[in-house]
Amino acid sequence: QEYFAQLLADLIGLTMLLYYSGGASNPFVSFYLVPIAISAALLPWRYSSVISSLSFLAYSLMLFYYQPLELIQPEHSAHMQHSQTSEVNLHIIGMWFTFALSTLLITYFVVKIATALREREQQLAIKREDDLRDEQILAVATLAAGTAHELGTPLSTMAILLGELEQDYKTQAALCEDFALLKGQLDSCKKILKGLVSTANTLSQEDKNQVAIGSYIESILSHWQVIRPSANYQLNIDDSCDQRHLLIDPTLEQAIANLLNNAADSCTETIEVGIQCKHQQMQLSIRDHGPGIPLDIIDNIGKPFISHKGKGLGLGLFLTHATIDRLGGEIALYTHENGGTLAELHLPLANTDIEKD
């Protein structure tokens with residue numbers, strides 16, 4: 001807008017100078033092409049078109065309204081003056097036509113080229129960010145593989161000790177309930193570690209499964225409830241999602257579980273989970289009633305090692321964003337107007353559902 005205002009000021013100044021120095025007969029009238037070229041190269045189309053239109057209008061009006069300049073219109077005899085006036089008029093008309101054609105070509109082609117260059121720069125910037133994120137994901141994956149290898153032995157040891165404790169204290173009901181809970185947690189850990197290999201194999205084959213939305217989300221919530229037995233949730237599936245399907249891979253379950261864990265860590269109240277389908281997309285919303293997203297990290301949400309939880313590593317949302325992006329979806333987190341944090345996840349429906357629509 002500042003460039004646009006300054007070019008308008010230049011245009012007005014140039015018009016005033018030309019008006020008092022012969023108008024369209026002034027040989028410097030083609031200087032109008034300078035602000036046109038600058039605006040076409042630097043400004044969006046709507047601003048460039050305004051500069052071009054105003055320049056063309058000013059040039060056209062000065063064909064008829066201007067103050068003559070004696071230096072370029074010398075006095076001659078009546079016959080020569082009449083002859084020269086006809087020639088000058090044809091020359092001025094030719095200059096006007098050339099200016100009109102130059103204005104059209106510069107505005108169109110330069111704007112196209114400048115727009116393509118700006119889009120290319122934006123794409124390169126996005127590509128650099130994606131490459132950086134991929135490098136960070138690879139580093140996290142390498143660390144996860146090493147950690148999983150090291151955790152196998154202590155988990156097996158804990159499972160053996162837990163089995164012995166169950167035998168020793170099988171007559172105490174309260175302890176048996178705690179042992180059952182610990183056993184469930186250990187089984188979940190083993191399942192997660194075993195899933196690392198199968199997940200990597202599935203991703204390398206680029207194999208995606210088509211699942212029904214309702215049953216898939218319900219299974220994720222049931223499995224998550226085993227890991228977080230103290231958390232409560234309320235699921236609301238809209239009728240628009242009946243007979244709808246998603247293309248998923250094993251990492252999507254962990255991504256949704258990360259969002260659920262964040263909501264459960266933020267408050268002890270019931271978490272509201274809603275699903276609806278519109279515009280060939282599934283929208284999954286997860287809302288908690290906690291304090292919301294702190295203002296000091298709201299701009300860095302989704303970046304690695306950024307966490308507002310004291311016990312968090314700052315990787316959950318980062319990996320969640322990476323998973324959703326890979327599946328062609330979008331995710332947004334913001335503070336709800338009535339308090340708490342609202343996470344909205346959008347994923348495209350399966351191609352078969354889109355074709356039916």
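Helix α1 meets helix α3 through F4, L7, L8, L11 and T15 on the α1 side. The α3 side supplies Y47, V50, I51, L54, S55 and A58. The model is predicted. Its protein chain holds nine helices and seven strands. Of its 357 residues, 32% count as buried.

**Helices α1 and α3**

- Helix α1 covers residues 2-19 and packs against α3 at an angle of about 5°.
- The axes of α1 and α3 are 11 Å apart.
- With angles under 35 degrees counted as roughly parallel, α1 and α3 are therefore roughly parallel to each other.
- The residues of this contact divide into nine nonpolar, two polar and no charged.
- Residues three or four places apart in an α-helix point the same way, because the helix has 3.6 residues a turn.

**Helices α2 and α3**

- Helix α2 spans residues 33-42, and helix α3 spans residues 45-61.
- Their axes come within 8 Å and cross at roughly 170°.
- That angle makes α2 roughly antiparallel to α3.
- P35, I36, S39 and A40 of α2 make the contact with S48, I51, S52 and S55 of α3.
- By class, the contact of α2 with α3 has four nonpolar, four polar and no charged residues.
- I51 and S55 of α3 take part in this contact, and I51 and S55 also meet α1.

**Helices α6 and α7**

- Helix α6 runs over residues 213-227, and helix α7 over residues 251-266.
- The two pack at an angle of about 55°, with their axes 10 Å apart.
- Helices α6 and α7 are therefore oblique to each other.
- Their crossing is right-handed.
- From α6, the contact draws on Y216, I217, I220, L221, H223 and W224.
- From α7, it draws on L252, E253, I256, A257, L260, N261 and A264.
- These contact residues of α6 and α7 divide into 10 nonpolar, two polar and one charged.

**Helix α7 on its own**

- Helix α7 has 16 residues, which at 1.5 Å a residue should span 22 Å.
- The end C-alpha atoms of α7 are 23 Å apart, which agrees.
- Buried residues of α7 include T251, L252, A255, I256, A257 and N258.
- L259, L260, N262, A263 and A264 of α7 are buried too.
- Among the buried residues of α7 are L252, I256, A257, L260 and A264, and L252, I256, A257, L260 and A264 also belong to the contact with α6.

**T323 in helix α8**

- T323 sits in helix α8, which covers residues 316-326.
- Is T323 buried or exposed? T323 has a relative accessible area of 8%, so T323 is buried.
- Which residues does T323 touch, leaving aside its neighbours within four places in sequence? T323 is in contact with T251, L252 and A255.
- T251, L252 and A255 are themselves buried residues of α7.

**Q243 in a loop**

- Q243 lies in the loop between β2 (233-237) and β3 (245-248).
- Q243 has 66% relative accessibility, so Q243 counts as exposed.
- Q243 and V211 are 32 residues apart in sequence.
- In space, Q243 and V211 are 10.0 Å apart, C-alpha to C-alpha.

**Contacts across the chain**

- Consider contacts between residues at least 6 apart in sequence: 70% of these join residues at least 24 apart.

Conventions: Residues are numbered from 1 along each chain as its sequence is written. This is a predicted model: local features need pLDDT of at least 70, side-chain atom pairs count only at pLDDT 80 or more; totals for chains, interfaces and linings use all residues. Side-chain values use heavy atoms; hydrogens and water are left out. Axes are lines fitted to C-alpha atoms, for helices over the stretch in contact, and angles run from 0 to 180 degrees between N-to-C directions. Helices (H or I, at least four residues) and strands (E, at least two) are DSSP runs, numbered from the N terminus. Angles under 35 degrees count as roughly parallel, over 145 as roughly antiparallel, 65 to 115 as roughly perpendicular and the rest as oblique. A crossing is left-handed if the near helix is turned anticlockwise from the far one by less than a right angle, and right-handed if clockwise. Contact means heavy atoms within 4.5 Å. Ala, Val, Leu, Ile, Met, Phe, Trp, Tyr, Cys and Pro count as nonpolar, Asp, Glu, Lys and Arg as charged, and the others, Gly among them, as polar. The expected span of a helix is 1.5 Å times one less than its number of residues. Buried means under 20% relative accessible area, exposed over 50%, partly exposed in between (1.4 Å probe, protein chains only).
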